[in-house]
Amino acid sequence: MGERGRARALGLWSLLVYAFLYAPLAVLTAFSFNRERLTATWRGFTLDWYGRLLENTQILTALRNSLVVAVVATAGATVIGTAAALAFHRHRFRQQGTLDGLVTLPIVIPEIAMASSLLLLFAALGMRLGFTTVVLAHLSFAVSYAVVLVRARLAGFDRSLEEAAADLGAGPARVFFQVTLPGIAPGILAAALLVFALSIDDYVITSFVAGVGSTTLPLQIYSMVRSGISPEINAVSTLLLVATALLLLAAWRLEQGGRARGAALPAVLGLGILGAPFVLAGLPAPADRVLNVYIWSAYLPPETVRAFEAREGVRVNVDLYDSNEALLAKLQAGTSGYDVICPSNYAVEILVQQGLLRPLDHSLLPHLSNVDPFYLDRDFDPGNRYTTPYFAGTTGIAYRRSRVGDVDSWDALWDPRFAGRVLMLDDARETLGAALRRLGLSVNTVGEAPLRRAQRLLIEQKPLVKAYDSASFKDTLLAGDVWLAQGWSGEFARVIDLDPDIAYVIPKEGSTAFLDTLAIPASAPHPALAHQFLDFVMEAEVAAEICLAMRYTTPNRAARAHLPSAVLDNPAIFPPAETLARTELLRDVGDATVLYDRLWTEVKTAR
Ligand code: N2P
């Protein structure tokens, strides 16, 4: 190959490498302008999704939280970092090498290790998770970066200037502010910009140490992703991407040559992008009354939240989970800060036993009379002392008819013909439950031997399984990535509407059913408002709106008058009695809970 040829080949190669690096970001950006909401097919250009961001109080609030944290962490880290850098640069002291290494070590400590150790520390100190803990955590990694950047600048700083100033009679303070500081300012600024960008971006550490009400933008984006990637997420991610890229560019320019002018434009643009939403939409009103809701994903429509906020003049924070075990862990860890939670019947038994629920005041719940008596006074909560029914539903299989034909048995999820096309829930009780039913056993089996047999079935199935996922099973099926998915009825009822090739079945061997409730934790900070919310969602029109949007079975009898027959006659939403007869409610399995958890973890980590 000649010189020219080689240059060309190398050029092509680098082009490929860059394409590999940037293609995902290009796709993300492109789809944030796509008119079509549901699929990754291009349907024309629109700015709508960016407009929608300005109406989304959850995103705006998260962005505000992120900015507050970033500003405080940046200010703190820059001051501490600069002081430390000066100390290391100027003075010689014992163990300098060790201390020097220790101050920069956090840069390479695995983030996950730092996150869990911070959480442990805060818990040991009895600190409530919130803004303070997030800021402290960000400070703990940001200082190291600030030290490194400022020191790099100091290394090139000519100390004889300081000596000259001192010789000419300037005091130490004057020397510092008029000579040293201007000399290293580009390094300090670069450090500030870098730290700001890192703080705005951080997910792992923040997710461990954030509490209710301190959700930052990355956490908000992740929680939205769990109910499906939407163009709003593409839009907000694009903004975040562009803003951080600009801030880093500015930091880099300052770092390189201290050309303040070349850095000013990207810095201003980057900060401008983050601040612009507030200029356009105004700050989200800091409501003095706040309700913190912790609920299953795809269970509470944003319109319902907005209607409650408007009626009561309050702000509602909604956090999502995808398993009872996640909810239990959060509540058992101590004061969660949540006012309303949504446990399934078997989780209610556990929470009541542990004294984690607050008895309800029925005089504040007049609309409880709208609920079908069939769902009241169940043995997991006699007299509805602690809970109101919210949604019921079933677990079953949804499948692509054109790919797999007719399905009526759990066997289909073990059929080698569908290797790599099977999705299972990420849920100990549900997966072991399916395996137990396949063995002809109850989903509430507690014996170790039968449970081990069920576990063996799941391990045997594992090579066929594309994903264990309780959050986006419906999207994965809709996108065609899997052909058969175990999952919950309501979300499947929604995809069937979007794609008639998909069908839902409760296998002939039987399956689980659930009754999900609303309850108020014993530690809820706003119990009165929580009662108002519980009552609100039992109003007939509201319950109908929720059912229409989410497609789980509403236990609200009065709501049915407001539902179209397409919903009322849909067997996936209101299953006929003979189908329901094949299902079993999950119950608290007592001591066997630990065994379920262990067996399930073993399945997930098996190779
Ligand atoms: C909602 C899941 C349904 C809850 N994403 C099952 N108990």
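User: Why is Arg438 called partly exposed?

Analyst: This is a predicted model, and in it Arg438 has a relative accessible area of 26%. Buried means under 20% and exposed means over 50%, so a value in between gets the label partly exposed.

User: What makes Asp411 and Arg438 a salt bridge?

Analyst: Their closest N and O atoms are 2.7 Å apart. The cut-off is within 4 Å, so the pair counts. Side chains of opposite charge can pair when their charged atoms come close.

User: Where do Asp411 and Arg438 sit in the chain?

Analyst: Asp411 is in the loop between helix H16 and strand S5, while Arg438 belongs to helix H17. They are 27 residues apart, so the pair links distant parts of the chain. Asp411 is partly exposed too, at 40% relative accessibility.

User: How do you know that Glu448 and Arg452 pair up?

Analyst: Their side chains come to 3.3 Å, N to O, and the rule asks for within 4 Å, so this is a salt bridge. Both lie in helix H18, four residues apart, or about one turn of the helix. Glu448 and Arg452 are also part of a salt-bridge network with Arg598 and Glu602.

User: What makes Glu448 and Arg452 partly exposed rather than buried?

Analyst: Glu448 has 41% relative accessibility and Arg452 has 25%.

User: How many salt bridges cross the interface of domain 1 and domain 2?

Analyst: Zero, by the rule. The two domains bury about 1,900 Å² between them, with 83% of that on carbon and sulfur atoms.

Terms used. Residues numbered from 1 in each chain as written. Predicted model: local features only at pLDDT ≥ 70, side-chain atom pairs only at ≥ 80, totals over all residues. Heavy atoms only, no water. Buried area = accessible area lost by both parts, 1.4 Å probe. Helix = DSSP H or I, 4+ residues; strand = E, 2+ residues; numbered from the N terminus. Buried < 20%, exposed > 50% of the residue type's maximum accessible area, 1.4 Å probe, protein only.
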